[in-house]
Amino acid sequence: MNKVTNPETSATGAKKRRREKEEEQVGCSHAENEDGGILSEDQCLLSLQDELNFSDTSVALRMMRSQFPRIDQQASVPPFILQSQLYSSVNDRTQVDRELECLRRDKVVRVFKLNTGQDDHAIIFLDDYLNQVDRIVKRMEEKKQSDVEVFKWFKGHVLDSKLEPSIGHDELCSLLSLGGKVKDAHITLLINAGLLTRQLIDPDMYWFAVPSIGKLWKGLLQGRNELLSLLKRRRHKEMFLADLEKRRLRFSPLDMRFHIRDLIGSGHLKTFQTTSGLVVRVSRD
């Protein structure tokens with residue numbers, strides 16, 4: 001007698017097997033060395049072509065985190081992923097938005113609005129961000145600065161309960177007051193530390209911010225322009241992905257792979273398969 005298979009069970013099983021396969025694929029790039037650090041890209045080389053077709057947002061995030069470029073500012077800036085980069089690796093944008101929202105509400109990641117003049121959002125794993133806050137406190141304590149208790153209030157009461165990218169002044173003060181008596185100097189300290197920035201259109205609203213990330217804005221914008229300019233000078237404004245990955249950018253501390261993912265996800269570049277390999281082409285002038 002032939003065994004009858006439930007289509008829904010089969011589909012669920014197939015999706016689970018695909019996710020397990022993706023996690024195995026990420027395993028190498030996400031592996032840790034003996035010192036507990038993430039292995040470098042040189043230690044675990046994976047073709048970018050193999051990393052443009054994930055079915056799970058969490059897997060794609062972990063893979064990109066492990067490959068965040070090693071730059072001078074990395075000691076002070078935690079690994080971040082642009083939302084556009086997720087769109088390059090997970091084809092269903094609605095799925096990305098839905099799964100990213102779940103990860104944000106589950107306090108796995110935080111989403112930050114970047115002040116690049118464009119609709120850029122950076123995604124940072126919450127543990128990485130909290131570690132950055134701790135490093136700021138440690139430096140301030142070493143300098144014997146006062147009022148550092150506000151950072152404990154910020155972590156325990158503000159970040160833990162306010163998950164959106166922005167917060168109003170009254171709500172900020174209310175949450176901080178759960179830790180102690182709030183002074184104007186406390187808010188100033190958080191702003192000077194780079195954890196908050198005032199919104200230009202409403203001075204009573206703040207964006208949650210990533211300290212020191214502003215140093216990378218110029219490089220991010222210049223890298224985008226440099227990569228697009230490189231391709232526009234090519235015949236048909238295209239290039240094999242394998243060859244493009246080997247190029248180095250002069251004006252960005254972020255690597256070529258970082259910018260390729262960004263521009264594919266934002267729609268400025270498109271890819272198509274040929275018998276000789278994957279080709280990247282400019283899609284907008």
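## A buried glutamine, a sheet and a helix pair

Gln199 is buried, with a relative accessible area of 11% (buried means under 20%, with a 1.4 Å probe and protein chains only). The model is predicted, so local features need pLDDT of at least 70 and side-chain atom pairs count only at pLDDT 80 or more, while totals for chains, interfaces and linings use all residues. Residues are numbered from 1 along each chain as its sequence is written, and side-chain values use heavy atoms, with hydrogens and water left out.

Gln199 lies in the loop between strand 5 (196–198) and strand 6 (205–208); strands are DSSP runs of E of at least two residues, and helices are runs of H or I of at least four, numbered from the N terminus. Neighbours within four places in sequence aside, Gln199 is in contact with Ser166, Met205, Tyr206 and Trp207 (contact means heavy atoms within 4.5 Å).

Three strands form an open sheet in the order 7-9-8, with antiparallel pairing; two strands pair if DSSP finds at least two bridges between them. Strands 7 and 8 stand at the edges, each with a single partner strand, so one side of each has no neighbour in the sheet. Strand 8 and strand 9 pair over six bridges, and Phe272 has Val279 in strand 9 as its bridge partner.

| Strand | Residues |
|---|---|
| Strand 7 | 238–240 |
| Strand 8 | 269–274 |
| Strand 9 | 277–282 |

The axes of helix 2 (residues 57–66) and helix 4 (residues 93–105) come within 9 Å and cross at roughly 75°; axes are lines fitted to C-alpha atoms, for helices over the stretch in contact, and angles run from 0 to 180 degrees between N-to-C directions. Helix 2 is therefore roughly perpendicular to helix 4 (65 to 115 degrees).

How values were computed:
Buried < 20%, exposed > 50% of the residue type's maximum accessible area, 1.4 Å probe, protein only. Parallel < 35°, antiparallel > 145°, perpendicular 65-115°, else oblique.
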